[in-house]
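Me: I would like to go through this model with you, one topic at a time. Could we begin once it is on screen?

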Amino acid sequence: VLSYDFASVQATRATDAPLYTAYKVILATMTRNSRYPWMRPIPDAANRRYWQAQRDLDGVIRSLLRSRSVAAPEVADDLLVHLMTDQTLTDQEVVDTVKTFLFAGHDTTAATLTWALYELAKAPALQDRVRGEVLCGTPSDCPPDPSSLGTLELLNAVVKEVLRLHPPAIFSRNAPRPTSVDVDGVTYVFPQ
């Protein structure tokens, strides 16, 4: 997607994987600050580490952008090329978009895949049907064609049901203004 190896899996020390280290700090602090939003502006040790991790992450992404702009960006056809060649985005907007993609795409995809595998493991007959649908018409030595995934009705139904049962980013949902919903005569209020 970004045609870049962040080396997070192979790293033996945290200093070898700045992206992993930044992620770890940012996610831990975001979780804490989502529970206690009044702590966000307080310059305590956790927030100072969070702000530094944000700067470190920006640095990794800016370095990636610099290295891609020196090389011919048209060599790869990936998300980064599309962002870099979009004349409507500033450099900071490209950095912010990549950060959003890395956080949202990585964490939510991993959580959804984990829950999907768990749910399918609980239902072996359904797992066999989904596997059969994916492999139907595909030679055994070839992976399924990604462009055909949208046509796999059962697989898509399973993914949608997993997302319904286990939404991956529920902690980040915030009402833009105080909202109330009436369900069967009971009023649920969601504060801002």
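Me: Which residue takes a positive phi in the hairpin of S1 and S2?
Reply: This is a predicted model. In it, Asp184 has a positive phi near 50°, and the hairpin has 2 residues between its strands.

Me: In what sense do S1 and S2 pair, and over how many bridges?
Reply: The pairing of S1 (residues 179-183) with S2 (residues 186-190) is antiparallel and runs over 5 bridges.

Me: And what is the bridge partner of Thr179 in S2?
Reply: Thr179 is bridged to Phe190.

Me: Turning to the helices, at what angle do the axes of H1 and H4 cross?
Reply: The axes of H1 (residues 18-35) and H4 (residues 91-122) cross at roughly 80° and come within 12 Å. Angles of 65 to 115 degrees count as roughly perpendicular, and H1 and H4 are therefore roughly perpendicular to each other.

Me: Which residues meet there?
Reply: From H1, the residues are Leu19, Tyr23, Ile26 and Leu27; they meet Leu102, Phe103 and His106 of H4. By class, this contact of H1 with H4 comprises 6 nonpolar residues, 1 polar residue and no charged ones.

Me: Staying with H4, is Leu117 buried or exposed?
Reply: Leu117, which lies in helix H4, has a relative accessible area of 52%. The cut-off for exposed is over 50%, so Leu117 is exposed.

Me: How many residues apart are Leu117 and Gln127 in sequence, and what separates them in space?
Reply: They are 10 residues apart in sequence, with a C-alpha to C-alpha separation of 8.8 Å.

Terms used
Residues are numbered from 1 along each chain as its sequence is written. This is a predicted model: local features need pLDDT of at least 70, side-chain atom pairs count only at pLDDT 80 or more; totals for chains, interfaces and linings use all residues. Side-chain values use heavy atoms; hydrogens and water are left out. Axes are lines fitted to C-alpha atoms, for helices over the stretch in contact, and angles run from 0 to 180 degrees between N-to-C directions. Helices (H or I, at least four residues) and strands (E, at least two) are DSSP runs, numbered from the N terminus. Angles under 35 degrees count as roughly parallel, over 145 as roughly antiparallel, 65 to 115 as roughly perpendicular and the rest as oblique. Contact means heavy atoms within 4.5 Å. Ala, Val, Leu, Ile, Met, Phe, Trp, Tyr, Cys and Pro count as nonpolar, Asp, Glu, Lys and Arg as charged, and the others, Gly among them, as polar. Two strands pair if DSSP finds at least two bridges between them. Buried means under 20% relative accessible area, exposed over 50%, partly exposed in between (1.4 Å probe, protein chains only).
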